[in-house]
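Visitor: I have a model open and would like to go through it with you. Could you take my questions as they come?

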Amino acid sequence: MEDRCSPENERMEAWLDDHLEFTHSYFVKKASREMVNAWFAERAHTIQPSVPKENSSQQRTHHSSSDHCPSSNSTILPSALTLLDNRCPSPATVPSPAPGTPTRKISASEFDRPLRPIVVKDSEGSLTFLRDSEREPVPLCGSVMGEDGDGSGRRLDRCTRLLELVKEVSSHLDVTALCHKIFLHINELITADRYSLFLVGEDSSNRKFLVSRLFDVAEGSTLEESSSSCIRLEWNKGIVGHVASTGQPLNIKNAYEDPRFNAEVDLITGYKTQSILCLPIKNHRGEVVGVAQAINKKCGEDGAFTEQDEKDFSAYLAFSGIVLHNAQLYETSQLENRRNQVLLDLARLIFEEQQCLEVVLRKIAGTILSFMQAQACTVFIADDDSMNSFSSVFHMEHEELAEVLEAPKRGCDVSQINYMYAQYVKNTMQPLNITDVTKDQRFPWTCESADHSSSRIKSLLCTPIRNGKKDKVIGVCQLVNKTDEASSSIKSFNRNDEQFLEAFAIFCGLGIQNTQMYETVERAMAKQEVTLEVLSYHASATEEETRELQVTAVTTVPSAQSLRLLDFSFSDFDLSDAETTLATIRMFVDLNLIQNFQMKYTNLCQWVLSVRKNYRKNVAYHNWRHALNTAQCMFALLKSGCLQNYLNDLEILALMIATLCHDLDHRGVNNSYIQRSDHPLAQLYCHSTMEHHHFDQCLMILNSPGNQILSGLSLAEYKTTLKMIEKAILATDLALYMKRREEFFELTKNNQFVWEDDHHRDLLRSMLMTACDISAITKPWPVQKRIAELVATEFFEQGDKERRELNIEPIDLMNREKRDKIPSMQVSFIDAICIQLYETLAGLSEHCSPLLEGCQKNRQHWKRLAEDCEKGLVNGLV
C-alpha cells in the first residue's frame, strides 16, 4: 500500500482542503457504507482507565489548595463515579476452573454504593423484584452565564466555548476527560494557577465522602498527570468538605487567614497558596455531586478572584453538573445490568440441576462464597416435622472452591453458635447481620460459646430462605467472616451484602423447593410402582381359583340358551357366583373372541375372576352382578339384535371388555360426592372422575401377569382396542351421554348415519354402552322392581353419608325421607334418559325393539305406582 505521507498524497490532501465544496459533494456521491462506518469509528470515544505516569510533576501532585495532607495513612480509593472498567480478563488468559467450581466474574464490593434495592416489599409485605418506576424529569437549565459587561465580543467568545462543551457532552461519557477540558476552558477566563475536582461518593451505608477525580490541573498539564492521584477527603471537613456539605461557594482572598485551611501541604511542598475559589457542582435536583476549586489567581488586583471569575466559573460548572449526572445514570445502569446478570447466572446454575438437592446446594454455596468473599457458607434445610431442628446442613469453606469434589460435604460438624443463629433467623423470618459476634450481647449463647467460636467467627450474615409462596422458611443461608480483598482482613457485612443475599435467597428458595418437590415426586412414583405391584398381585385371582375355573369351564360351560344369555329379559338372580363366571366365558366363546385373538384359555379364566374380584361386595348395586348384566345386554344386542353384523371383531372385543369393567372398584357413590368430599380421586381427574378410575383399574388388570388377554394383538390393534375401551367406559357417564346423544339422534332420524364413518361408529358404541348400562329399566317388572330397590339402597346410603360427613341435605333421589317420590322419579328418568335412546336403537335394528317395549311397560308400572303414592295407598316401592 502506498505510504500516506508521500508528497503526492500531501499535495492531494491540501487541494481537497482548499476545495471543500467539491470534496463534500464527491464523498456524498461516492462514499460507501464501509467508509462512513470507518469515519464514525475514527471518532468513537474509547473509555480507557487512566494510567498514571511515573514521571508526573511532583510539585503538581502535592500542590493542592485542599486542606488534606496526603500521608501514608490516607485511604486511596477508586472514585465512586469511575466508569466500569473491564475487570474480567480475556478468555485466553483465564485458567480453566476446576469442574463444578463457579468462576467469580465480579465481586460484591464493586456494587458497594447506593444502588436501587434488589428486592423490596410490596403492599402485602412480601419480597419482590418489581417496583414502581421512578421518573424524575430533568428540568431545562436556565441561563448558565452571568451578566456580561464586556460587550458582544466576549459573549460571542463564551458562546463558542459553551457550544464546544455541549458537543463534548453529547458524544462522551468520560467524566475525567470532559472535566479536564472544562478546566482548560475556564483557565482562559479566570487564569488560575491550579484547579482540582472532587466528586461526592457514598458507600452502601449512605455515608458520604469526597474523592479526587482531577488534582492540580495546570496550564499544559496532561489528563494522565492530573488524574494520577486519588485522594479521599472526609465530609464537612476543610474548605472542600465545607462547600460540599453546605452547597455554598467560597471565595477566599487569603487562605492562611481562613481557619479551615490546612497549611501543612504548603510546608511540605514549598508551594504558597494564597487565594482559593471553591464552588459546588450540583445536579438537576440541586444536590451537590462534586466540588471544583481554583487556586492562586495569576493576574488581577492582589491576586484575588473577582466576582466575575466566580460567575464564569459557576457557568462552566453547570455543564459539569450535567456531565456528572449523565455519567452517574450511565454507570448506575451499567452496574445494575451487571448485577442482574449475576442474579441470572445464579438462577441458571440453580435451575440447570434440580434432580439432586446436594448438587443444588453445592452450586448455591459456591456461587455465594465466590461473590460475597466470605470464608464459609452454611445452608440449613428446615425440618418439616420439627420446629426447632434442621433436616440437613451443607457447609462449604472458601478454600473448597478450587477443589474438585465428587459430592458435597453434608452433615458436617457445625458449631452450636452457627446452629443457634440459624434457628433464630428461621423462627423470626428476618435476616441477621452481626459485625462482631464476640461483642454482640443480644443473644444469651454468645458469651457461653465465646471460647469455642470467637477464634473462628467474627462477622456473620444470616438470611432466611423462603418457599415459592414466601410464607414459610424452608432453609437458612449463613455467611461468616467477610474478607477484605486487598488486606485479607476480616470485616463486617454491609447493607449491600444483605441485599444480595436476600436476592440470592429468593432464587435459592425456588431451586431448593423445586428439587425437594422433584425428590418427593420420585419417591411417590417409586411408592406407587410398589403399590401397584402389590395391588396387582392381590387384585388378581389366585392360581388355584383359575385352575378350578379352567377345569370346570373345559368340561361344563353351559350354553347361551340354558343361561338365557340371548334374551333381553335375562336376570342373574338365579345364578351362583360360579355360574356368572361361566356365563362370561360362554359369551366370549360364542363371539369367537378366544379364537380370533388367540387368547389363552388360562388367561381368560384368570382375567374374568380378577375382574369379579375387583368389584366391591359391600356395594348394593354397582357390583359384579351389574357388570355381568351390562355385558349380557351387549351380548344380546350383538347376537339377538343382529348388530354383530355391523361391527368388526376389535369393536366387539372392546365393547365386551368395557361392559365387564365399566364400574370396576365402584365405591357406591357418584362423581358429585367424590368431588365434594375432596377425595384423592378428584385430584386426578377434572371430569368423569369415577369413569376414569374404572378405566385405570381395567388397564391395571389387563397388564397384570396372567391376565393379559390382549397379548395376541399387534401393537396397532392393541392401541386401537385400548382407545375404544377407554371411550366406551367414559361414555357410561350420563353427563357425557347427555352432551352427545342429540347428534346421534339427529343422524338416525334424518337417515344420515353412515356405517363407514369412524365418528358415527364411535357415537354408536357410546350409545350402546349407555343402553346396556341402564338396561335394568327394560327388564320384566318383578326384576326391574327388585333392581330398583338395590339402586335405592345404594343411593340412600350416599345420602346418609352426605348428611353425616358433608353436612348437606341430599337431593330427593338420595334422600331416604323422600322414598315416596321414587316412582315419579323413575317415570321422569325413563322419559328424560331412556325412551328416546331405545327408540333410536330400534330404528337402527328392529331386533332391538324388546328393549324399547320393556322400557315402555315399566313406565306404565311406575306411573301407576306414582299415582298410588300420591293417593297415599303405597309408600315408594312398597
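Visitor: Is tyrosine 737 buried or exposed, and what is its relative accessible area?

Guide: Tyrosine 737 is buried, with a relative accessible area of 2%, where buried means under 20% relative accessible area, exposed over 50% and partly exposed in between, with a 1.4 Å probe and protein chains only. This is a predicted model, in which local features need pLDDT of at least 70, side-chain atom pairs count only at pLDDT 80 or more, and totals for chains, interfaces and linings use all residues. Residues are numbered from 1 along each chain as its sequence is written, and side-chain values use heavy atoms, with hydrogens and water left out.

Visitor: Where does tyrosine 737 lie, and what does it touch?

Guide: Tyrosine 737 lies in helix H26, residues 734–749; helices (H or I, at least four residues) and strands (E, at least two) are DSSP runs numbered from the N terminus. Leaving aside residues up to four places away in sequence, tyrosine 737 touches Ala731, Phe745, Met767, Thr770, Ile833 and Leu837, a contact being heavy atoms within 4.5 Å.

Visitor: Switching to H16, which of its residues are buried?

Guide: Thr546, Leu549 and Ala553 are buried in H16. Seen down the axis of H16, the buried residues fall within an arc of 70°, so they line one face of the helix; the arc is that of the directions from the helix axis to the C-beta atoms. On the other side of H16, Glu543, Glu544, Glu548, Val551, Val554 and Thr555 are exposed.

Visitor: What covers the buried residues of H16?

Guide: The cover includes helix H17 (577–590) and helix H19 (601–613).

Visitor: What span should H16 have?

Guide: At 1.5 Å a residue, the 14 residues of H16 (543–556) should span 20 Å, and the end C-alpha atoms are 20 Å apart, which agrees. The expected span is 1.5 Å times one less than the number of residues in the helix.

Visitor: How many aromatic pairs are there?

Guide: The count comes to 14 aromatic pairs, taking rings of Phe, Tyr and Trp (its six-membered ring) whose centres lie within 6.5 Å, with planes under 30 degrees apart counted as stacked, over 60 as edge-to-face and the rest as tilted. The rings of phenylalanine 500 and phenylalanine 504 have centres 6.2 Å apart and planes at 45°, so that pair is tilted. Both phenylalanine 500 and phenylalanine 504 lie in helix H15 (residues 495–539), four residues apart, about one turn of the helix, and both are buried. Tyrosine 615 and tryptophan 624 also form a tilted pair, at 6.4 Å centre to centre and 55° between the planes.

Visitor: Which residue has its charged end over the ring of tyrosine 256?

Guide: That is lysine 272, whose charged end sits 3.9 Å from the ring centre of tyrosine 256; the rule asks for NZ of Lys or CZ of Arg within 6 Å of the ring centre and within 35 degrees of the ring normal. Arginine 786 lies over the face of phenylalanine 573, at 3.8 Å from the ring centre.
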